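Student: Hi! Could you walk me through a protein structure today?
Tutor: Happy to, here it is.

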Amino acid sequence: MKTVSRNWVASVQVALSLLGLPYSAGTSGICRKNAINSTPSLCSSTSVYMSTVAHIKARCPVYPGSDTSRFPVPDDKVDWKTDWPQYYPVNYTAPTVLKKPVWADPEIGEFPPQFNSLDGSVDRRSHDGLYLILNGKPLNPHGRTGLEGRGLLGRWGPNHAADPIVTRWKRDSEGQRVHHTTSQLPMLQFVSIKRLDCGEWAIPGGMVDPGERISQTLQREFSEEAMNSLQASASVTENIQKRITKLFSSEGLQVYKGYVDDPRNTDNAWMETVAVNFHDESGNSVSEFPLQAGDDAGQVSWIDVDSSLDLYANHLHFLETVAKERNTHW
Ligand SMILES: *[C@@H]1O[C@H](CO)[C@@H](O)[C@H](O)[C@H]1NC(C)=O
């Protein structure tokens, strides 16, 4: 039925040979590690994504926003290459997605998706290379999740997001850069938003709209959050918008690009993101935004970049990369 056939390995090999590609396990796993630890540019090479990195959140027992329990997937069965005839993932797509809002695809069979390519205005390419299609459905490049369908995600295959990391130097009341007492390194602050759903601090990112370039998404998401927080008059808003546009047109530092281990992921739909750091070096751009410090959900704030931060999901890794690349306190 709906499960992956026991001829999985053979299917993969056939699929890859049809594409004229070698079967290379683990290449991108190394690439991901590099994306976190050192050179992000190593991630740009196109390779078939067969990672050995086992996703964790994508196997959370109860699917978010539902009472649906995933079929339990032990570590040694995550990889699609591991034959597992007893695998019966639960089929779940959230009612909100089945209602066909503009941001969601129809069900498979109701439309002709062009996977692994730019499909009209919807980018169905993965940042991590080609993904496989089985019975018309894309397969999660990081392996089994215990749930098929799309869950809360709108797109079959990759669901693209972008995370803008906007930083400034931490300064004292005299405007001097603050160095950390222990590490002696200068300290950064970044724009953070308190999430409404879980109350955790996070980078103010969001989904890439159809036809939108990632650079546009980065700026749009940041602008929306900053504007909401600042609640400025029309003339001030224009000034703020100019500063944001200038900062985002400077060359950002890409700190991550690829798969996200997200609790919403399924066997057929998953999150991917591009995280880019825009740094206000001189301090006369967005650094001057008086973002409010506070505890209310939805609050936007300048927060010190520090390894002890209790931050949403992999956002901590993104910040660590920023701090290491810029040789600042972590
Ligand atoms: C999974 O559920 C969807 C509706 O949520 C349905 O359209 C689809 O046919 C189901 N797929 C399988 C393989 O049962």
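This is a predicted model: local features need pLDDT of at least 70, side-chain atom pairs count only at pLDDT 80 or more; totals for chains, interfaces and linings use all residues.

Student: Ok, how many salt bridges does the structure hold?
Tutor: There are 19 salt bridges. The term stands for a side-chain nitrogen of Lys or Arg within 4 Å of a carboxyl oxygen of Asp or Glu.

Student: And why would side chains pair like that?
Tutor: Side chains of opposite charge can pair when their charged atoms come close.

Student: Which residue does R243 meet in a salt bridge?
Tutor: R243 pairs with E288, at 2.6 Å from N to O. R243 lies in helix α5 (residues 234–249) and E288 in the loop between β12 (269–280) and β13 (300–304), so the pair ties together parts that are 45 residues apart in sequence. Helices (H or I, at least four residues) and strands (E, at least two) are DSSP runs, numbered from the N terminus.

Student: Is R220 in a pair or in a network?
Tutor: R220 is in a network of salt bridges that links D209, E212, R220, E221 and E224. Between R220 and E221, the closest N and O atoms are 3.1 Å apart.

Student: Is E221 buried or exposed?
Tutor: E221 is buried, at 8% relative accessible area, and R220 is partly exposed at 22%. Buried means under 20% relative accessible area, exposed over 50%, and partly exposed in between (1.4 Å probe, protein chains only).

Student: New topic! Which residues of α5 are buried?
Tutor: They are I240, I244, L247 and F248. Seen down the axis of α5, these buried residues fall within an arc of 90°, so they line one face of the helix. The arc is that of the directions from the helix axis to the C-beta atoms.

Student: Why can residues line up like that?
Tutor: An α-helix has 3.6 residues a turn, so residues three or four places apart point the same way.

Student: What do the buried residues of α5 pack against?
Tutor: They pack against β7 (157–169), α4 (214–230) and β12, where contact means heavy atoms within 4.5 Å.

Student: And which exposed residues sit on the face turned away?
Tutor: That face of α5 carries A234, S235, E238, K242, K246 and S249.

Key:
Residues are numbered from 1 along each chain as its sequence is written. Side-chain values use heavy atoms; hydrogens and water are left out.
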